[in-house]
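Let's walk through this structure together, starting with the whole chain and then stopping at two residues. Keep the 3D view open as you read.

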Amino acid sequence: MAVEITGAWNFPTRVITGVGRIAELPDACKAHGIARPLLITDRGLAETDLVAGIAQRIRDAGIPISIFSDVKANPTESNLRAGIDAFKAGGHDGVVAVGGGSALDVGKCVAFMVAQSRPVWDFEDIGDWWTRANTDGVAAIIAVPTTAGTGSEVGRAGVITREETHEKKIIFHPLMMPKVAIEDPELAVGLPPFLTMATGMDALAHCFEAYCVRAFHPLADGIALEGMKIIDTYLPRAVENGRDLEARAYMFAAASMGATAFQKGLGAIHSVSHPVGARYDTHHGLTNGVVFPYVVLCNKADIADKIPHIARALDLPGRDFDAMLDWILSLRKKLGVPHTLAELGVKEADAKAIAADAVKDPTAAANPRQLSEAEFEQLTLAAIRGDLRG
């Protein structure tokens, strides 16, 4: 299938990577004029020595800091509003976002929304809605990921759940891109095997879907292929041994690579995962991992030309679709990814509602095959039932 040779390319923020690089956080704040940061993290991390140590490091440099941690695993508008209130009440001038994708997304959205008078939903990633924004007063962001999954530390968007409609919305603006991302593998050492697996599957879905998108972006294609190779090599190691700093460092890199690559777009893995997560509060990366092979089968005819390149990058024994599908299923089994959405509690009775949201999700438009609502319903049912007949 021919691809129109036209596009617009962007690459991410400055990334500081390596063991011990968290020591450079105070200097990063000073370099970007952040004199009174609000540290945004999630509820679990807020009670750990990791966050306490980061906050103390900043205070020791003579920079006052407060902590906001009212952030759910699937963050909501209520979390965002509370963060904005905390930012304004504390007289803060920048955000240090610490944690996984949820904390990073809320941190970025808080930094962006403190300058806006319109509701956050007016900046959903649709067309040129981002041009509605007031750019004066958007706060600077420094991102410190503790998981290797979303790659939100180098992205220009955040995902927020709209509680009244149970929809996940992608909020986008170029100024939401962090000024600096600090990827210190020691910060991920305490991440449990389950979360290491789940976040890693998110990074893999980003790389895979981005590569399969029909758009002209050879730079992102190369990054996506290398990202898949890194994840295949290092995710099992990170799950097996959380203290493997080499594996942790490479997984941080792969997560950032996935987020860089998906400026091309994503696809039906995310289109289904978003409404499932909004309704059932499932872990996003884990849901992606469950849905993965069912979407690949659904897209089989439309990604045929992509398969040999993926198989070559992963050095699979065969270069055909079956070899690639076997690889996905084998990796999922090795890592302990559930086989069906039913194992996550998803009910067949909700398949129609999930499909209705999936077909409207911004990621659906870039899927290699345009799916109708009825086709999304069948795809969702297949993932609930474990039907891999294609």
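In this predicted model, 57% of the 390 residues of the protein chain count as buried. The chain is built from 14 helices and eight strands. Its radius of gyration is 20 Å, close to the 21 Å that the globule rule gives for 390 residues, so the chain is as compact as a globular protein of that length. If you follow the C-alpha trace along its principal axes, it spans about 60 × 45 × 45 Å. Among contacts with a separation of 6 or more, 79% join residues 24 or more positions apart.

Now for a buried residue. Asn-367 sits in the loop between helix H13 (351-358) and helix H14 (373-385). Its relative accessible area is 4%, and because buried means under 20%, Asn-367 falls in that class. Its side chain reaches the backbone oxygen of Arg-369 at 2.7 Å. Setting aside neighbours within four places in sequence, you will find Asn-367 in contact with Leu-266, Gly-267, Ala-268, Val-295 and Asn-299.

Next, turn to the surface. The protein chain exposes about 15200 Å², and carbon and sulfur atoms supply 51% of that area. One place to look is the nonpolar surface patch formed by Trp-9, Phe-11 and Leu-219, which together have about 280 Å² of accessible area. Trp-9 belongs to the segment before strand S1 (14-17). Is Trp-9 buried, partly exposed or exposed? With 39% relative accessibility, Trp-9 counts as partly exposed, because that class lies between the 20% and 50% cut-offs.

How values were computed. Residues are numbered from 1 along each chain as its sequence is written. This is a predicted model: local features need pLDDT of at least 70, side-chain atom pairs count only at pLDDT 80 or more; totals for chains, interfaces and linings use all residues. Side-chain values use heavy atoms; hydrogens and water are left out. Patches are made of residues with over 30% relative accessible area and no salt bridge: like charges are joined within 9 Å, nonpolar side chains (Val, Leu, Ile, Met, Phe, Trp, Tyr) within 5 Å. Accessible areas come from the Shrake-Rupley method with a 1.4 Å probe; for residues, only the protein chains shown count as cover. A salt bridge is a side-chain nitrogen of Lys or Arg within 4 Å of a carboxyl oxygen of Asp or Glu. Helices (H or I, at least four residues) and strands (E, at least two) are DSSP runs, numbered from the N terminus. Buried means under 20% relative accessible area, exposed over 50%, partly exposed in between (1.4 Å probe, protein chains only). A polar contact is a pair of N or O atoms within 3.5 Å; within protein, one must be able to donate a hydrogen and the other to accept it, and residues adjacent in sequence count only if both atoms are side-chain atoms. Contact means heavy atoms within 4.5 Å. The radius of gyration is taken over C-alpha atoms; the globule rule is 2.2 Å times the number of residues to the power 0.38.
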